[in-house]
Amino acid sequence: VTPHLTIGEKRAKEAIDFYKAAFGAEQVMEPHMAEDGERIMHAHLHINGGSLMLNDDFPEYGEAAGKPAAVTLHLHVDDADAWFSRALKAGATETMPLADQFWGDRYGQVTDPFGHRWSIGAPVKQS
């Protein structure tokens, strides 16, 4: 399954830049632009070994970005503290503080500037 996010207010380019800064995203290809030349129809990124697709909203086709659906995108990473800190520095908002959890992960959640929630987790480091 590949998540595909719709970004409102013609901010898909801004979202690509944010995901690069926050999560180390790499562009797979140059974004495909709509005929209006202003909106991104399709962008493909790689984050932590997985794919993420995104586009600006297209209300004329029944696709309008509003409040994002009740979905959380999870990043299982090598160092939760480093990833969490990088996301906050890039402009994400802490939604759930990063902490050691009862199931054995160091885990927390952030919300990106576009309203999408991301969880970040890694096994608790043993000393």
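Biologist: Why is R106 called partly exposed?

Modeller: The relative accessible area of R106 is 24%. Buried means under 20%, exposed means over 50%, and partly exposed lies in between, with a 1.4 Å probe and protein chains only. R106 is therefore partly exposed. This is a predicted model, where local features need pLDDT of at least 70, side-chain atom pairs count only at pLDDT 80 or more, and totals for chains, interfaces and linings use all residues. Residues are numbered from 1 along each chain as its sequence is written, and side-chain values use heavy atoms, with hydrogens and water left out.

Biologist: What makes the pair R106 and D100 a salt bridge?

Modeller: The term requires a side-chain nitrogen of Lys or Arg within 4 Å of a carboxyl oxygen of Asp or Glu. For R106 and D100 the N to O distance is 3.0 Å, so the pair qualifies as a salt bridge. D100 has 47% relative accessibility and therefore counts as partly exposed.

Biologist: How many salt bridges does a search of the whole structure find?

Modeller: Eight. One of them joins E38 to K10, with the closest N and O atoms 2.8 Å apart. E38 is in the loop between strand 3 and strand 4 (40-47), and K10 is in the loop between strand 1 (4-7) and helix 1 (12-23), so this pair ties together parts 28 residues apart in sequence. K13 and D17 also meet in a salt bridge, at 2.8 Å from N to O; both lie in helix 1, four residues apart, about one turn of the helix. D36, R39 and E60 are linked in a network of salt bridges.

Biologist: Why is A99 called partly exposed, and where does A99 lie?

Modeller: A99 counts as partly exposed because its relative accessibility is 28%. A99 lies in strand 7 (residues 93-100); strands are DSSP E runs of at least two residues and helices are H or I runs of at least four, numbered from the N terminus. Leaving aside neighbours within four places in sequence, A99 is in contact (heavy atoms within 4.5 Å) with D105, R106 and Y107.

Biologist: How do you know that strand 7 and strand 8 pair?

Modeller: Two strands pair if DSSP finds at least two bridges between them. Strand 7 and strand 8 (residues 105-111) have five, in the antiparallel sense, so they count as paired. A99 stands opposite Y107 in strand 8, and Y107 stands opposite G121 in strand 9.

Biologist: What makes strand 6 and strand 7 edge strands?

Modeller: Four strands form an open sheet of mixed pairing in the order 6-9-8-7. Strand 6 (72-76) and strand 7 each have a single partner strand, so one side of each is left without a neighbour in the sheet. Five bridges join strand 6 to strand 9, in parallel, and seven join strand 8 to strand 9, antiparallel.

Biologist: Why is strand 9 described as largely enclosed?

Modeller: Five of the seven residues of strand 9 (residues 117-123) are buried, so the rest of the structure largely encloses this strand.
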